[in-house]
Amino acid sequence: MATLFLFLSFLLLSFHFSSSESFIGVNYGQVADNLPPPSATAKLLQSTSIEKVRLYGADPAIIKALANTGIGIVIGATNGDVPALASDPNSAAQWVNSNVLPFYPASKIILITVGNEVLMTNDPNLINQLLPAMQNVQNALNAASLGGKVKVSTVHSMAVLSQSDPPSSGLFSPSYQPALKGLLQFQKENGSPFAINPYPFFAYQSDSRPETLAFSLFQPNAGRVDSGNGIKYTNMFDAQVDAVHSALSAMGFKDVEIMVAETGWPYAGDSNEVGPSIENAKAYNGNLIAHLRSMVGTPLMPGKSVDTYLFALYDEDLKSGPASERAFGLFRPDLSMTYEAGLSKSSQTPSTPQNPVTPVTPQPKPTASGWCVPKAGISDAQLQASLDYACSQGIDCGPIQPGGACFEPNTVASHAAYAMNLYYQTSGKNLWNCDFSQTATVTSQNPSKYLSTFNNVNRFRGIIHGNGLVVKLILSLWYCWYLQLS
């Protein structure tokens, strides 16, 4: 029984991590003079779990380099293109003929963004031209038999919201609502996403309290209760996305999907900038990726992950503004990682049994990444906060509830050890996944002392659900059982 269960667990882990993570994308900006060739970038992307790339334009060399990679491509018509696309259907047809048809379907173009943060220009003429431009591009796609295959949208700043706190009160600014109503009706009819750029980094810069930093970085924190519905939020990303959802609902468009077109954290900045650092960038992007992979969703949109495009693939050294504007890159021009964010396929794909027909019970040796356990001398109050945080991130903490397989010994330290390590093991085994506001550490010693003896096979009853296996429950039970082998 134990051997079969372990074998099934390995198969589930392999399926879980090798399946397409189509909700993780990256922005590929080109305001730089030191970027690697598109062909090298295409190979780099294939070595990661990134499934989509967003371009701000429609560079043919990049689009062609991504052919036959299976990577979804978002291309963009610039703000300067909008007037011509709006005024002349032939211009839209020519744009599609030049930027889509020569490459599709070998290059997997999935979305065209018409303009970038057009409403923020406060140019009434340009804003009024946005919807006609999107309609003409859509009509050109329909004429090319690509309607429904390639979507049309536009990208907005979070500043289109006049209210976002608490999330349930999210509202679009009254001055933008007339334009948004037409855009959203178009998107509802054509099934395209509402694309927006939430940046907890900028929110933290305006409120640099330590508790705001932890809230922004997906780290253990007291949480923030939405006074409108009583929901407790443990991170700012979910709060910002749910504020957008509330704003869409208030206008009658709750079914329009949300796409996070940009989000990220700079790893460096000017001396007077608050927040940029390698540690913070690793924590934000690493924990965001783990959060997306958990499929827990947001409180108002549970059970699914919003399509999210990280900012950015590379630094853009020709950008103006503070130094942080030139320090968002996940990779350097030499293709090395700026820091480890858990995007490498090798760091996400677990080992599988060598003999799938006759599985062999593995020796209970710690993995190279070890286990995540509470540090010595940490108070129960601190551990409880870390426990609550870990259990809010999509892992299954049922086994440490009363009657659960790992409930005994019934101590905060034991339960925190279980939750911390399960979060760490399922989030990429990166060091920042075992930080918990410096209450935990990675060890090579098997921490089975924290867990109860587990020898009743009847505990496994109920893991079969419908015609499949409940993956998160198996991961939890398998881990608790596996630690008892030693």
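Start by selecting helix 6, where Leu126, Ile127, Leu130, Leu131, Ala133, Met134, Asn136, Val137, Gln138, Ala140 and Leu141 are buried; buried means under 20% relative accessible area with a 1.4 Å probe and protein chains only, exposed means over 50%, and partly exposed is in between. Helices here are DSSP runs of H or I with at least four residues, strands are runs of E with at least two, and both are numbered from the N terminus.

Before you go on, keep in mind that this is a predicted model, in which local features need pLDDT of at least 70, side-chain atom pairs count only at pLDDT 80 or more, and totals for chains, interfaces and linings use all residues. Residues are numbered from 1 along each chain as its sequence is written, and side-chain values use heavy atoms, with hydrogens and water left out.

**Stop 1: along helix 6**

After the helix comes Ser145, with a positive phi near 60°.

**Stop 2: the nonpolar cores**

Next, colour the largest nonpolar core, which has 115 residues; Ile75, Val114 and Phe172 have the most contacts inside it. Helix 6 gives the most to this core, with 9 residues. Such a core is a set of buried Ala, Val, Leu, Ile, Met, Phe, Trp, Tyr and Cys residues joined through side-chain atoms within 4.5 Å. Apart from this core lies another, of 7 residues, including Val74, Ala195, Met259 and Ala261.

Centre on Ile75: leaving aside neighbours within four places in sequence, its contacts include Leu55, Ile63, Trp95 and Leu111.

**Stop 3: aromatic rings**

Rings of Phe, Tyr and Trp (its six-membered ring) pair if their centres lie within 6.5 Å; planes under 30 degrees apart count as stacked, over 60 as edge-to-face and the rest as tilted. By this rule there are 16 aromatic pairs. Select Tyr199 and Phe328, an edge-to-face pair at 6.2 Å centre to centre with 80° between the planes. The pair links distant parts of the chain, 129 residues apart: Tyr199 is in the loop between strand 8 (194-197) and helix 8 (200-205), and Phe328 in the loop between strand 14 and helix 12. Both Tyr199 and Phe328 are buried.

**Stop 4: Ser324**

Pick Ser324, in the loop between strand 14 (307-310) and helix 12 (345-348). Ser324 is buried, with a relative accessible area of 2%. Its side chain makes a polar contact with the side chain of Glu273 (2.6 Å).

**Stop 5: Ala32**

Finish at Ala32, in the loop between strand 1 (24-28) and helix 2 (38-46). Ala32 touches Asp315, Glu316, Asp317 and Leu318, not counting residues up to four places away in sequence.

Notes
A polar contact is a pair of N or O atoms within 3.5 Å; within protein, one must be able to donate a hydrogen and the other to accept it, and residues adjacent in sequence count only if both atoms are side-chain atoms. Contact means heavy atoms within 4.5 Å.
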